[in-house]
Amino acid sequence: MAATHWIQVSTSKSKAKNPPTIESWLPRLMGLSEFTKMVTSNDPRSFQVSPAHWLRSSGLRLIPLMVYFHGGGFCVGSASWSCYHEFLAKLASRLSCAVVSVNYRLAPENPLPAAYDDGVKALVWLTQQNFVRGNDWWTSKCDFSSIFLAGDSAGANIAYNVALRPPRSALTLAARPTYWRLSLPSGANRDHPWCNPAAKGAEELRSLRVMVCISEMDILRDRNLELCGNLRSKGVKVEEWVCKGVGHAFQFNKSALSQSRVLELICHINNFMGR
């Protein structure tokens, strides 16, 4: 079965802050059938998995996996927010991949590296599904040799830092100073390696391909470009793509320009993943 799926992964201690209701019309509009289930672990420290699998087409090809981290300055946000629900459903549909959207612990109640730790745990859990006896859904549909990390805003920073720990993959974005102040350990400043990729660690990504998508009008554009330059100086293969005429988090803007850029973005991600 070739399929498109959107899967939500939640840590047991995560609390979504003011999540709006996820509307059910989008899957039906896209021609996707929906079912849900809950998977829990006997280990109270581990996370719960709340999958919503949306099947779209049939075939024999195994589909790649994308682990996605939502934005929100490390302090707000949820995989259950309707804007992410809609965007990731569209992404999974257009790319023919399984998207695993991670709910990580939020600051300031859970300062960094809590979000990074949760990201690694989610990635470890995902790779383990390839070896669980009787887990035919994953093994018959997903290509565990093709796993990508992605995210927007603070979520891109989480993807980047998760990539620096085993298991691997990559990307970027520094958040506003207030969010960093609330999120970083007490006494840390903006030179901390978690928010300053130039500090150390980029060498660990030399064996990987990295794609950085940058909004032309984003106030944080220069930070993204600086990251790309730093990665290249460390010998990392970086492909950057600038989304013309749009700003930060444009994928959630309903304007015609933003939505056209979303389609271009999906096309570029598709080409990157397909190489």
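Predicted model: local features only at pLDDT ≥ 70, side-chain atom pairs only at ≥ 80, totals over all residues.

Me: Let's start with the database record. Which residue does UniProt list for "active site"?
Reply: The unreviewed UniProt entry lists Ser153 under that heading. Such annotations may be inferred rather than shown by experiment.

Me: Where does serine 153 lie?
Reply: Look in the loop between β6 (142-151) and α5 (154-163); serine 153 lies there.

Me: Is serine 153 buried or exposed?
Reply: The general idea is a cut-off: buried means under 20% relative accessible area. Serine 153 has 18% relative accessibility, so this residue counts as buried.

Me: What about tryptophan 180: where is its place, and is it buried or exposed?
Reply: Tryptophan 180 sits in helix α6, which covers residues 177-183. Its relative accessible area is 1%, so tryptophan 180 is buried. For a spatial reference, take alanine 154: the C-alpha atoms of tryptophan 180 and alanine 154 are separated by 9.7 Å, while the two residues are 26 residues apart along the chain.

Me: On to charges. How many salt bridges does a search of the whole structure find?
Reply: The general idea is that side chains of opposite charge can pair when their charged atoms come close. Here, searching the whole structure turns up six salt bridges.

Me: Which side chain meets glutamate 86 in a salt bridge?
Reply: That's lysine 254, at 3.2 Å from N to O. This pair links distant parts of the chain, 168 residues apart: glutamate 86 is in helix α2 (residues 82-95), and lysine 254 is in the loop between β8 (237-243) and α8 (256-274). Glutamate 86 is buried, because its relative accessible area is 17%. Lysine 254, with 64% relative accessibility, counts as exposed.

Me: And which side chain does aspartate 118 meet in a salt bridge?
Reply: Arginine 105, with an N to O distance of 2.9 Å. Aspartate 118 belongs to helix α3 (residues 114-128), and arginine 105 to the loop between β5 (98-103) and α3, 13 residues apart. Aspartate 118 counts as buried at 2% relative accessibility, and arginine 105 is buried with a relative accessible area of 16%.

Me: One more: with which residue does arginine 232 form a salt bridge?
Reply: With glutamate 240; their closest N and O atoms are 3.1 Å apart. Arginine 232 has a relative accessible area of 40%, so read it as partly exposed. Glutamate 240 counts as partly exposed too, at 30% relative accessibility.

Technical notes
Residues numbered from 1 in each chain as written. Heavy atoms only, no water. Helix = DSSP H or I, 4+ residues; strand = E, 2+ residues; numbered from the N terminus. Buried < 20%, exposed > 50% of the residue type's maximum accessible area, 1.4 Å probe, protein only. Salt bridge = Lys/Arg side-chain N within 4 Å of Asp/Glu carboxyl O.
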